[in-house]
Amino acid sequence: MAAVDEQNWTGWVMFGGIVMIIAGAFDALLGLTAILLPSNEYLFLTDEAVILLDAAGWGWWHLIIGAAIVLVGVFVLRGATWARMVGVVLVSINAISQMGLLGVQPLWSLIMILLDIIVIYALIVHGREMKRT
C-alpha cells in the first residue's frame, strides 16, 4: 500500500469517510427494518387519490445504498481517489432518496441530508489533500 501524503486538511477527508461508514450503516439498518416489518404495505388517503406505499421496496433501496456507502467509505479512509468520486455520487443519491422520506420521518431525513452535505463538502473541497504519493 502506498503512503498517503498527509497535509493540513486531511482530517476533513478522514472525517468524511468515517461519517460515510456511520451514515451508511444507519441507512442500511433503516432499510433492513423496513424489509423485516410485519406489514410492508401502507395506504394513504388524500382528497384526490388513494396511495399505496410499499415499504419493502424503499427498504431494499436503502439497504443497498447504505451498504455501498459503507464500502466506499472504507476505501475513502484508505485514500483511493476513485472512492472520493464514487462517494460523492452515492452520498448525493442518498440525500435525494432521503427527500422521499421527509413526510414519514422528517427529523431523521433532515439529519441524514445534513450529514450527506457535510460528507460532500469534505470529499470535494478537501479531497486533493488526501492524494497518494
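Helices (H or I, at least four residues) and strands (E, at least two) are DSSP runs, numbered from the N terminus. The model is predicted: local features need pLDDT of at least 70 and side-chain atom pairs count only at pLDDT 80 or more, while totals for chains, interfaces and linings use all residues. Residues are numbered from 1 along each chain as its sequence is written, and side-chain values use heavy atoms, with hydrogens and water left out.

The protein has four helices and two strands, in the order α-β-β-α-α-α from the N terminus. Of its 133 residues, 35% count as buried, where buried means under 20% relative accessible area, exposed over 50% and partly exposed in between (1.4 Å probe, protein chains only). Among contacts (heavy atoms within 4.5 Å) between residues at least 6 apart in sequence, 72% join residues at least 24 apart.

| Residue | Relative accessible area | Class |
|---|---|---|
| Ile96 | 63% | exposed |
| Ser97 | 7% | buried |

Ser97 touches Trp58, Trp61 and His62, residues up to four places away in sequence not being counted. The side chains of Ser97 and Trp61 are joined by a polar contact of 3.4 Å; such a contact is a pair of N or O atoms within 3.5 Å, and within protein one must be able to donate a hydrogen and the other to accept it, residues adjacent in sequence counting only if both atoms are side-chain atoms. The C-alpha atoms of Ile96 and Asp116 lie 9.8 Å apart.

Helix α4 covers residues 106-125; its 20 residues should span 28 Å at 1.5 Å a residue, and its end C-alpha atoms are 28 Å apart, which agrees. The expected span is 1.5 Å times one less than the number of residues. Buried residues of α4 include Asp116 and Val119.

A cavity is a set of points on a 1 Å grid over the protein atoms alone where a 1.4 Å probe fits but cannot get out, and lining residues have an atom within 4 Å of a point. The structure holds one cavity of 30 Å³ or more, and the largest cavity contains about 40 Å³ of space. Helices α1, α3 and α4 each supply at least two lining residues, with the largest share, four residues, coming from α1.

Terms used
1 Å grid on protein atoms, 1.4 Å probe; cavity = no way out; pocket = protein on both sides within 12 Å on 5 of 7 lines; lining within 4 Å. Points joined across faces, edges and corners; volume = space filled by probe spheres on them.
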